[in-house]
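Here's a quick tour of one model, from a helix to its packing and its rings. Have the viewer open as you read.

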Amino acid sequence: MDIDAWVWWLIVAAGLGIPLVLTAMPELGMFAVGALAASVVAALGGGIVAQVLVFVGVSVALLVVVRPIAARHRAGQTGHASGIDALKGRQAVVLERVSAAGGRIKLAGEVWSARSLDEGQVHEPGSQVDVVDIDGATAVVM
């Protein structure tokens with residue numbers, strides 16, 4: 001019984017796909033896609049050299065492009081701050097005198113309650129302040 005080359009590539013793809021599902025290693029999925037691409041080349045009549053070159057080329061291309069994206073998602077680093085993390089480090093305008101006891105600022109187009117980071121520091125209306133932290137619904141400024 002003689003099996004065509006494209007079937008062998010499909011067997012290789014399935015052989016790489018099963019451990020991918022069991023281990024959640026994206027690299028195995030990239031190799032499986034490379035084997036599927038080689039299967040297509042074999043089905044279209046490409047020689048063994050072309051099949052291997054397509055397998056290696058597609059696998060390496062996916063590793064170079066997709067792996068860094070997958071690693072970033074695994075680490076939970078999207079590269080974009082959101083929520084209160086996006087407000088830290090921004091500048092705001094003092095609307096009402098801000099001291100350690102409290103005050104009001106305009107931050108990102110919204111009015112926020114604020115307090116000074118340092119006990120003795122006071123910011124007068126109209127001055128620019130830097131947001132150091134967000135404590136509940138209060139911006140901590142300096």
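## Ground rules

This is a predicted model, so to speak of local features a pLDDT of at least 70 is needed, side-chain atom pairs count only at pLDDT 80 or more, and totals for chains, interfaces and linings use all residues. Residues are numbered from 1 along each chain as its sequence is written, and side-chain values use heavy atoms, with hydrogens and water left out.

## Helix 2

Helices (H or I, at least four residues) and strands (E, at least two) are DSSP runs, numbered from the N terminus. Helix 2 takes in residues 26-43, which is 18 residues, and it reaches 26 Å from first C-alpha to last, close to the 26 Å expected at 1.5 Å a residue. That expected span is 1.5 Å times one less than the number of residues. After helix 2 comes glycine 45, with a positive phi near 100°.

Buried means under 20% relative accessible area, exposed over 50%, and partly exposed in between (1.4 Å probe, protein chains only). Among the buried residues of helix 2 are Leu28, Met30, Ala35, Ala38 and Val41. The buried residues of helix 2 pack against helix 1 (5-23) and helix 3 (48-75).

## Two cores

A nonpolar core is a set of buried Ala, Val, Leu, Ile, Met, Phe, Trp, Tyr and Cys residues joined through side-chain atoms within 4.5 Å. The largest one has 13 residues, and those with the most contacts inside it include Ile105, Val131 and Ile134. Strand 1 (91-99), strand 2 (102-107), strand 3 (110-116), strand 4 (128-135) and strand 5 (138-141) each supply at least two residues of this core. Apart from it lies another core, of 6 residues, including Trp9, Ala35, Ala38 and Phe55.

## Ring pairs

Rings of Phe, Tyr and Trp (its six-membered ring) pair if their centres lie within 6.5 Å; planes under 30 degrees apart count as stacked, over 60 as edge-to-face and the rest as tilted. How many aromatic pairs does a search of the whole structure find? It finds 2. The rings of tryptophan 9 and phenylalanine 55 sit with centres 5.3 Å apart and planes at 35°, so that pair is tilted. Tryptophan 9 is in helix 1 and phenylalanine 55 in helix 3, so the pair ties together parts 46 residues apart in sequence.

The rings of phenylalanine 31 and phenylalanine 55 have centres 6.5 Å apart and planes at 35°, so this pair is tilted. Phenylalanine 31 is partly exposed at 29% relative accessible area, whereas phenylalanine 55 is buried at 19%. Ring pairs link Trp9, Phe31 and Phe55 into a cluster.

Conventions
Contact means heavy atoms within 4.5 Å.
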